[in-house]
Amino acid sequence: MTQASVDYLLHLADNALVLGQRNAEWCGHGPILEEDIAMANISLDLIGQARLLYQAAAAQLGNDTSEDRLAYFRDVPDFKNYTLLELPHSPPLAGTAAASRDYATTIARNFLYSALMVLMWEGLQQSQDPQLAAIAAKSLKEVRYHLRHARDWMVRMGDGTSESHARAQAALNHLMPYTQEFWAVCAFEQAAQQDGTGLDMAALRSDWQALVNETVTQAQLQTPSDQGFIPTGKQGVHSEHLGFLLAEMQSLARAHPQANW
């Protein structure tokens with residue numbers, strides 16, 4: 001029975017965990033109560049996906065490795081998530097964010113990532129790793145909602161007031177270059193494609209771009225260039241922001257490493 005590599009599983013798990021942690025920062029701070037609850041539910045979905053993937057990776061690693069150890073006791077260079085997902089909620093130098101949390105940035109990031117994951121989970125249902133295929137089938141149902149939620153808000157903001165339009169456009173301008181990492185294939189992705197457990201990422205690019213362009217056009221926004229920056233989060237080289245995110249997320253588990261949660 002074929003199994004996806006540990007690195008490939010950790011990449012998928014780290015993506016879900018880091019974005020789940022970022023979105024959870026809106027708990028108690030949502031612009032309206034309904035969105036506060038919606039963002040919390042999306043975070044729970046993502047963390048649930050991360051748990052399943054960490055469990056699969058831990059089973060391969062053995063030696064008493066657990067999902068909690070993979071989430072809470074690895075350091076920044078060990079994480080393989082997209083750099084896009086660890087960025088804070090405000091676009092730097094955009095001139096549109098009135099507070100430390102800019103909802104347009106959160107929505108735009110969720111939209112760009114969910115558009116990718118709808119395609120990835122669809123494809124991974126045919127993975128040669130049956131456990132990963134089952135995780136993909138479950139996750140696909142969740143990420144379809146995540147995409148619909150983010151897409152609806154992109155249209156509301158882009159085709160809304162002059163301020164909401166400006167924030168949505170600034171968020172896209174800021175985040176789009178980070179999406180180049182989706183297509184910069186690394187060694188473990190290439191190996192996963194070759195053994196049938198993973199996907200050919202290049203084959204997803206045109207469908208992802210079509211999803212993005214359709215929504216951006218409907219929102220009366222402009223699709224910005226994605227050129228200028230290819231991050232290396234998948235290789236463990238991250239922005240300065242991931243360390244602060246992990247410090248907050250991991251502090252309790254590290255302070256009480258023998259505790260049962």
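Select Tyr 54 and Asp 14 to start: a polar contact of 2.5 Å joins their side chains. The model on screen is a predicted one.

Stay on Tyr 54, which has its place in helix H2 (residues 33-61). Tyr 54 counts as buried because its relative accessibility is 2%, and buried means under 20%. Now show its neighbours. Leu 70 and Tyr 54 are 16 residues apart in sequence, and from C-alpha to C-alpha they are 6.7 Å apart in space.

Next come the aromatic rings. The whole structure holds seven aromatic pairs. Select Tyr 103 and Trp 153: the ring centres are 6.2 Å apart and the planes stand at 90 degrees, so this pair is edge-to-face. Tyr 103 belongs to helix H4 (residues 103-124) and Trp 153 to helix H5 (residues 130-158), 50 residues apart. Both Tyr 103 and Trp 153 are buried.

Move to Tyr 178 and Phe 229. Their planes are at 80 degrees and their centres 5.1 Å apart, so this pair is edge-to-face. Tyr 178 counts as buried at 16% relative accessibility, while Phe 229, at 37%, is partly exposed.

Finally, select Tyr 82, Phe 182, Trp 183 and Trp 208, which form one aromatic cluster.

Definitions and conventions
Residues are numbered from 1 along each chain as its sequence is written. This is a predicted model: local features need pLDDT of at least 70, side-chain atom pairs count only at pLDDT 80 or more; totals for chains, interfaces and linings use all residues. Side-chain values use heavy atoms; hydrogens and water are left out. Helices (H or I, at least four residues) and strands (E, at least two) are DSSP runs, numbered from the N terminus. Buried means under 20% relative accessible area, exposed over 50%, partly exposed in between (1.4 Å probe, protein chains only). A polar contact is a pair of N or O atoms within 3.5 Å; within protein, one must be able to donate a hydrogen and the other to accept it, and residues adjacent in sequence count only if both atoms are side-chain atoms. Rings of Phe, Tyr and Trp (its six-membered ring) pair if their centres lie within 6.5 Å; planes under 30 degrees apart count as stacked, over 60 as edge-to-face and the rest as tilted.
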